[in-house]
Amino acid sequence: MSSYADVYKRSIQDPEGFWAEAAQAVHWYKPWDSVLDSSTEPFYRWFAGAELNTCYNALDVHVEAGFGEQAALIYDSPVTDTIRTYSYAELRDEVARFAGGLAGLGVGKGDRVVIYMPMIPEAAIAMLAVARLGGVHSVVFGGFAAAELAVRFDDAQPKAVVSASCGIEPGRVVEYKPLLDEAIELATSKPQHVVMLQRPQAEASMLSERDVDWQALVADAKPHDCVPVAATDPLYILYTSGTTGQPKGVVRDNGGHAVALKWTMKNIYGVEPGDVYWAASDVGWVVGHSYIVYAPLFHRNTTVMFEGKPVGTPDAGTFWRIIEQHKVKVLFTAPTAFRAIKKEDPDGELIGKYDLSHFRLLFLAGERCDPDTLHWAEQQLKVPVIDHWWQTETGWSICANCMGIEALPVKPGSPARPVPGVDLQCLDESGKPVTAGDIGALVIKLPLPPGTFPNLWNAPERYVEKYLSEFPGFYSTADAGYIDDDGYTFVMSRTDDIINVAGHRLSTGAMEEVLAEHGDVAECAVFGVADQLKGQLPIGLLVLKAGVTRADEEIVSDVVKMVRDKIGPVAAFKTAVVVKRLPKTRSGKILRGTMQKIADNQTYKIPATIDDPVILTEIEASLRTIGYASA
Ligand code: COA
Ligand code: AMP
């Protein structure tokens with residue numbers, strides 16, 4: 001068996017040989033001219049000249065190899081009391097028919113299709129159908145509001161939208177159609193067709209010929225074959241928070257994605273074809289794209305699609321019930337889910353009720369994994385708990401303990417070492433490597449490996465400016481941390497205005513833009529404070545315009561509602577306080593980091609460049625009134 005060190009070394013010394021070998025596991029209609037095309041640096045292209053189809057590699061290839069009867073996808077929905085299994089042949093047929101329906105609406109190669117759906121199999125069917133046609137999907141998470149959807153319509157300019165009448169959150173049915181109609185109203189670029197799946201929990205009203213019923217569409221549709229596309233053609237756009245209200249459209253290509261994701265299943269997650277693999281995330285996030293839909297299907301695993309929450313659907317034993325019932329071998333989720341379970345079932349009594357004998361490994365990602373959560377999970381589950389670090393931009397891990405190559409010792413608080421293909425470095429502000437153990441910017445030497453993002457949708461300049469210009473020759477992850485003497489990475493914090501709430505990536509800048517729209521607000525600041533369950537929570541500080549007479553509480557409740565309406569409930573913005581003024585540097589930069597430290601009772605230095613230090617005392621007093629800074 002090879003060691004991690006050997007595999008890693010080879011991947012860095014001979015990336016083209018390494019990935020060409022991994023690419024043998026993918027079905028190609030046409031081989032590549034070059035494994036890595038660097039001719040348009042810094043825009044690198046993997047497998048240039050090759051042709052494939054992503055859906056073919058996810059479904060047809062397995063059916064044609066005789067595995068049509070194997071379970072491809074298990075839909076487990078405690079919120080609707082449903083469990084449904086699709087074999088590879090059934091899923092292929094459903095996808096082919098839906099692709100035929102979309103083609104009948106004029107969707108073809110290169111066309112964008114927005115998918116706004118809850119965690120139901122039709123979301124995966126829609127994604128795979130778009131891929132089958134050579135189109136480009138853009139999935140939008142159900143917790144986002146109409147205005148966020150509208151921004152994505154304008155950027156992606158989709159020909160069609162696929163949606164469902166509702167999502168189901170514990171205690172409430174979220175109707176999607178009114179949000180969708182409002183988004184189309186707000187958008188400048190209006191999709192020509194809306195395909196709507198009616199769910200029994202809420203009937204969507206169909207407005208015009210624009211709106212097409214899913215069932216009616218597939219009833220008349222003929223199955224559509226896979227359309228070959230270039231390896232370098234886009235498969236999807238996934239919008240993620242940037243530092244402003246304008247999200248970044250992360251592009252994923254077809255070829256590098258298929259090669260890298262297929263490779264990760266054995267090498268990182270240690271699963272074999274036929275194993276049951278469950279990523280408890282949402283198709284609206286990158287984890288859902290990579291590890292609910294694509295990678296497990298490329299590797300002929302059975303993927304579990306879970307419509308529920310770790311607690312409350314119906315209790316903190318749901319995860320263990322699913323692992324037992326479907327014989328799950330590997331679970332991947334966010335530390336928040338475990339914190340939620342631990343809070344409800346601290347002694348793991350519910351865990352003891354289930355047979356977890358098929359369960360081998362737990363993977364965590366999406367946010368920093370605190371050692372307490374890691375230890376609790378290890379003790380309760382008695383399997384290795386593997387923290388791994390990645391981003392929407394990278395599409396798969398940057399650092400992980402590659403369980404299919406060599407299980408390295410676990411260091412709590414660290415997602416272990418860089419995965420093969422990733423030349424990770426820790427640099428100081430001047431771009432020089434820091435000494436082992438010192439904090440710096442975590443960056444990846446270009447080119448990024450296959451499966452990462454070759455560009456931002458319609459925004460190559462922003463791609464270069466945001467990611468490649470701070471440290472020439474490197475991709476900036478915007479995470480700060482350190483690499484220790486053993487090469488283990490510790491990811492400590494973001495270097496931008498992104499916060500991480502329950503494993504969801506949110507922009508405080510986008511929230512500030514919403515707050516600033518309130519007629520009584522002169523100035524504002526939003527930053528993340530520590531939260532035991534969700535990791536971080538946003539709070540807002542508001543400075544009111546002179547002469548405002550309305551009560552502070554009314555204005556606070558207005559802005560809370562505005563963020564929910566404009567960004568969505570997922571922002572989890574529930575707390576704000578009115579302050580007299582905001583602390584700033586002499587050049588006018590708001591000291592958000594210092595205020596966050598005050599709120600979290602951390603020690604802080606009064607910045608030398610501060611305009612007026614007295615303001616910090618005022619801020620501390622205001623934060624106390626909302627339950628923070630309570631040393
Ligand atoms: N559609 C509509 N609303 C949604 C939604 C969706 N798909 N997902 C979340 N929301 C809403 C929630 O209902 C909640 O609304 P509320 O303010 O009315 O209560 C709000 O958005 C915030 O959601 P969330 O931050 O998820 O909090 P929660 O209290 O509902 O659940 C956890 C907390 C920990 C159980 C939940 O966050 C969780 O399961 N996290 C796992 C992490 C995860 O999957 N991360 C993905 C990346 S790996
Ligand atoms: P997203 O793009 O939504 O996947 O969020 C990516 C960000 O989440 C990263 O830049 C990190 O800040 C954080 N993150 C994800 N996984 C980890 C991890 N294992 N440890 C620390 N931070 C993480």
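Predicted model: local features only at pLDDT ≥ 70, side-chain atom pairs only at ≥ 80, totals over all residues.
Residues are numbered from 1 along each chain as its sequence is written, and chains are lettered from A and ligands numbered from 1 in the order in which they are written. Local features required pLDDT of at least 70 and side-chain atom pairs pLDDT 80 or more, whereas totals for chains, interfaces and linings use all residues; side-chain values use heavy atoms, with hydrogens and water left out.

The structure contains 32 salt bridges (a side-chain nitrogen of Lys or Arg within 4 Å of a carboxyl oxygen of Asp or Glu). In one of them, Glu 307 pairs with Arg 199, with 3.0 Å between the closest N and O atoms. Glu 307 lies in the loop between strand 17 (302–306) and helix 11 (318–326), and Arg 199 in the loop between strand 11 (193–197) and strand 12 (211–213), 108 residues apart. Helices (H or I, at least four residues) and strands (E, at least two) are DSSP runs numbered from the N terminus. Glu 307 is buried at 4% relative accessibility, and Arg 199 is buried at 6% (buried, under 20% relative accessible area; exposed, over 50%; partly exposed, in between; 1.4 Å probe, protein chains only).

Asp 486 and Lys 411 form a salt bridge with closest N and O atoms 2.6 Å apart. Asp 486 occupies the loop between strands 26 (474–483) and 27 (489–494) and Lys 411 the loop between strands 22 (397–400) and 23 (417–418), so the pair ties together parts 75 residues apart in sequence. Asp 486 is partly exposed at 44%, as is Lys 411 at 23%.

Within helix 18 (residues 614–625), Arg 624 and Glu 620 are four residues apart and thus separated by about one helical turn; their closest N and O atoms are 3.0 Å apart in a salt bridge. Lys 177, Asp 181, Arg 210 and Asp 211 are joined into one network by salt bridges that share partners.
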